[in-house]
Amino acid sequence: MGGSVVVGLDGAGNSVPAVRWGAEEAAARGLPLHLLHSWVSQPLNLPIAQEAANKKRYGAEVLESAEAMALELHPGISVTAEQVSEQAVDALVDRSRQATMMVLGSRGHGAIAGFLLGSVSLHVLGRAQCPVVTVREEEATTYGRPEVVVGVQEAGTQGEAVLDFAFSAAEAHHTSVRAWEPATVTDFVPTAPAHPPNDEELAAGEEKKLAGILAPWRAKFPDVDVIAHVQRGRIAPVLLGTCSQARLLVVGRRMHRTPMLLGPVVFAALHHSFCPVAVVPRI
């Protein structure tokens, strides 16, 4: 299963957009698609009896339907299916160690008791070793513009995994990357120069800094058009505004984060983004 696109299925309606998105990604990247369902973690509101045999039978039907859908959409891809008796979180986190990416469906905006807080997806997002993409039902069909939006918050190795995923996604789908960086606000102290830089000079400095960060990625992915974007403002609102009609928003999360599994920017993106969100683990 190494290098596959893993799609976690819970048997509810929100699995459908995840399968569609995962199949498209597998086809675009030339990767196998692996469908996973935990029969012991099926939603409580499913209209099936509690006996294990019925749960397993239902899980097999979920996987069969998902496999048929994926092959109908992209006949050339390789699809495997797996039903497990492990808890969904444990199984998905384990498979993430060898996967290229993982895809999960969500239940839409606004419901605090939905797919984020205290749910399987939250724990997978916080513990997975590979990028995890969340797709809502209303996001699964069309996109306003085929951009991949990525937030660039720092230079160096910490941001490499995030940029690598964003540029790889853009290359696979023959689209552009819109790289956004929050402009820093400088507080001048008595030892500062007598003539501090004006707004235009500050903007030019930020643009130069972002250009330097992006230069090796432009060289590595020469066929990907890059839109460098520097804008002042709070990180989450500006990112969400930038990606309102994009194909994908890519954000990073720190690994081994405690006590919260995810930071505030990631939470904001997952709750409020109107496009799929890729959460990429970074050092």
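Here are a few friendly points on this predicted model, to read with the structure open.

1. Start with the nonpolar cores. The largest one has 46 residues, and those with the most contacts inside it are Leu-33, Phe-167, Leu-248 and Val-250. Helix H5, residues 160-172, gives this core its largest share, seven residues. As background, nonpolar side chains in soluble globular proteins tend to be buried together.

2. Now pick out Leu-33 and look around it. Which residues is Leu-33 in contact with, leaving aside its neighbours within four places in sequence? The list is Val-5, Val-7, Gly-22, Ala-23, Ala-26, Ala-70, Ile-77, Ser-78, Val-79 and Thr-80.

3. Next, turn to a pair of helices. H7 covers residues 235-242 and H8 covers residues 264-272; they pack at an angle of about 35 degrees, and their axes are 9 Å apart. Their crossing is right-handed. On the H7 side you will find Ile-235, Ala-236, Leu-239 and Leu-240, which meet Val-265, Ala-268, Ala-269 and His-272 of H8. Of the residues in this contact, seven are nonpolar, one is polar and none is charged.

4. Finally, find Pro-222, in the loop that runs between helix H6 (199-220) and strand E8 (226-231). Is Pro-222 buried or exposed? Its relative accessibility is 60%, so Pro-222 counts as exposed, the cut-off being over 50%.

Conventions:
Residues numbered from 1 in each chain as written. Predicted model: local features only at pLDDT ≥ 70, side-chain atom pairs only at ≥ 80, totals over all residues. Heavy atoms only, no water. Axes fitted to C-alpha atoms, helices over the stretch in contact; angles between N-to-C directions. Helix = DSSP H or I, 4+ residues; strand = E, 2+ residues; numbered from the N terminus. Left-handed = near helix turned anticlockwise from the far one by under 90°. Contact = heavy atoms within 4.5 Å. Nonpolar A, V, L, I, M, F, W, Y, C, P; charged D, E, K, R; others polar. Buried < 20%, exposed > 50% of the residue type's maximum accessible area, 1.4 Å probe, protein only. Core = buried A, V, L, I, M, F, W, Y, C linked by side-chain atoms within 4.5 Å.
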